[in-house]
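Subject: The structure you asked about

Hi there,

Here is the structure, ready for you to open next to your own notes.

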Amino acid sequence: MNKFLPLLALGLSVGCTSLIKTGDRLERGLTPPDAVNYVTTKADGTFETQINDQRIAGKIALLAARKSKTPAGFAQAQFELRNDSYLGRTINVSFEWLAADGRVTETQPNWIVTPLEPGAIARVDATALKAESVECRLRLLSR
Amino acid sequence: MNKLLALAATAFLVVGCGTPASYKDPNGRELVVSLEKVDIQDFATAGSTMLQSMVNAPAFQKAGAAPVLQVGNVLNDTASNFDTSLLLTKITAPLVNAGRVRLLDSDPAAVAARKATPGAAVPVPEFVLKGKILEDRSNAGRTRQASFVFQLTLVEVKSSLAVWQDEKIVTKQGSKNSVGF
């Protein structure tokens with residue numbers, strides 16, 4: 001039996017690193033998953049937020065959501081986010097453009113990983129490629 | 001008996017604990033993050049960021065409704081082998097599909113067809129997009145760091161001047177590859 005224990009330990013430490021990943025997945029399974037949050041510009045110049053992950057509240061602050069047009073007439077949006085927590089955080093952002101009737105016209109599907117030091121401000125700039133794109137929806141995921 | 005039990009337990013642990021292959025969203029957050037190569041999500045990050053930068057360039061905004069763009073040489077100066085169209089398509093596809101540029105086909109067959117049609121209205125490129133992908137590595141103890149540098153330049157053909165340039169650096173750090181961001 002004494003010979004069995006070192007072998008078991010060796011198996012655990014060398015051959016089974018996926019145990020750690022499994023543990024990580026189990027932990028994630030026990031806590032609510034990170035949910036995607038949205039900020040959408042509106043025609044009247046204001047913006048609408050949809051918070052689906054309450055853990056982001058108080059940690060990431062949306063300072064501004066500005067909308068303008070390029071000289072060629074394409075819509076532009078700029079969002080400013082600040083890390084309000086005392087720890088460095090990584091936020092992940094992407095965006096999509098909507099037509100006046102709400103259809104999604106363009107999308108940037110991949111997440112842009114944005115590490116943020118405490119108090120740091122991140123700027124997200126989005127410029128539409130299509131003339132029919134008028135409103136921008138920022139997608140935000142904290143990790 | 002003990003030896004047999006130990007061998008069986010070790011074999012079970014080593015063989016049985018692997019993660020079975022499964023499909024993942026290529027734009028999702030559960031992709032493999034490699035330290036030794038440019039990952040598919042790195043191309044997406046660099047491409048989408050640089051696309052936004054390029055369409056905001058004054059020279060690009062001042063260009064006509066749909067200028068003719070030609071893709072030039074993008075040098076892969078990293079240790080890994082990949083097709084640079086993984087980066088370029090992230091930029092050209094949205095522009096072409098939105099009607100913001102007309103892409104001049106650089107395929108040898110298309111070039112030969114243009115040459116073989118005298119008198120035809122051959123489009124002349126107004127802009128050429130070219131670039132370079134580099135890498136930088138360093139380590140401290142067991143921690144390794146890999147930075148991949150994506151550099152792109154937009155050249156206005158009539159003046160031969162670079163009218164837009166950008167650089168996006170993707171840096172990854174760790175002791176081994178992992179899953180997710």
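**What I found**

In chain A, 59% of the contacts between residues at least 6 apart in sequence join residues at least 24 apart; two residues are in contact if their C-beta atoms, placed from the backbone, lie within 7 Å. Please keep in mind that this is a predicted model, in which local features need pLDDT of at least 70 and side-chain atom pairs count only at pLDDT 80 or more, while totals for chains, interfaces and linings use all residues. Residues are numbered from 1 along each chain as its sequence is written, and chains are lettered from A and ligands numbered from 1 in the order in which they are written.

**Chain A**

Chain A has two helices and eight strands. Helices (H or I, at least four residues) and strands (E, at least two) are DSSP runs, numbered from the N terminus. Read from that end, the order in chain A is α-α-β-β-β-β-β-β-β-β. Of the 143 residues in chain A, 26% are buried. Here a residue is buried if 20 or more other C-beta atoms lie within 10 Å of its own, exposed if 12 or fewer, and partly exposed in between, with C-beta atoms placed from the backbone.

Five strands of chain A make an open sheet in the order β2-β1-β8-β5-β6, with antiparallel pairing. Its edge strands are β2(A), residues 47-50, and β6(A), each pairing on one side only. From one strand to the next the twist averages 15°; the angles are taken between lines fitted to C-alpha atoms, for helices over the stretch in contact, and run from 0 to 180 degrees between N-to-C directions.

Now for the pairs in that sheet (two strands pair if DSSP finds at least two bridges between them):

- β5(A), residues 89-98, and β6(A), residues 104-116, run antiparallel and are joined by nine bridges. W97(A) stands opposite E106(A). The two strands form a hairpin with five residues between them, and G102(A) in the turn has a positive phi of about 95°.
- β5(A) is also joined by eight bridges to β8(A), residues 135-142, again antiparallel. Here V93(A) has L140(A) as its bridge partner.
- β1(A), residues 37-41, pairs with β2(A) in the antiparallel sense over four bridges. Y38(A) stands opposite Q50(A), and G45(A), in the turn of this hairpin, has a positive phi of about 95°.

**Chain B**

Chain B has an open sheet of five strands too, in the order β3-β2-β4-β5-β6, but with mixed pairing. β3(B), residues 102-104, and β6(B), residues 161-174, are the edge strands. Neighbouring strands are turned by 25° against each other on average, direction ignored. Within this sheet, 14 bridges join β4(B) to β5(B), which run antiparallel.

Two helices lie across these strands. α2(B) lies across β5(B) and β6(B), at about 150° to β6(B). α4(B) lies across β2(B), β3(B) and β5(B), at about 165° to β2(B).

Helix α4(B), residues 85-97, bends by about 25° at I91(B), and P94(B) follows within four residues; the bend is the angle between axes fitted to the seven residues ending at a residue and the seven starting there. Its buried residues are L87(B), K90(B), I91(B), P94(B) and L95(B), and what covers them includes α2(B), β2(B) and β5(B).

P123(B) sits in the loop between α5(B) and β4(B). This proline counts as partly exposed because it has 13 C-beta neighbours inside 10 Å. P123(B) and V68(B) are 55 residues apart in sequence, yet 7.2 Å apart in space, C-alpha to C-alpha.

**The core**

The largest nonpolar core has 51 residues, and those with the most contacts inside it include F79(A), C136(A), M50(B) and F150(B). Such a core is a set of buried Ala, Val, Leu, Ile, Met, Phe, Trp, Tyr and Cys residues joined through C-beta atoms within 7 Å. α2(B) gives the largest share, seven residues. Leaving aside neighbours within four places in sequence, F150(B) is in contact with residues including A46(B), M50(B) and L87(B).

Happy browsing!
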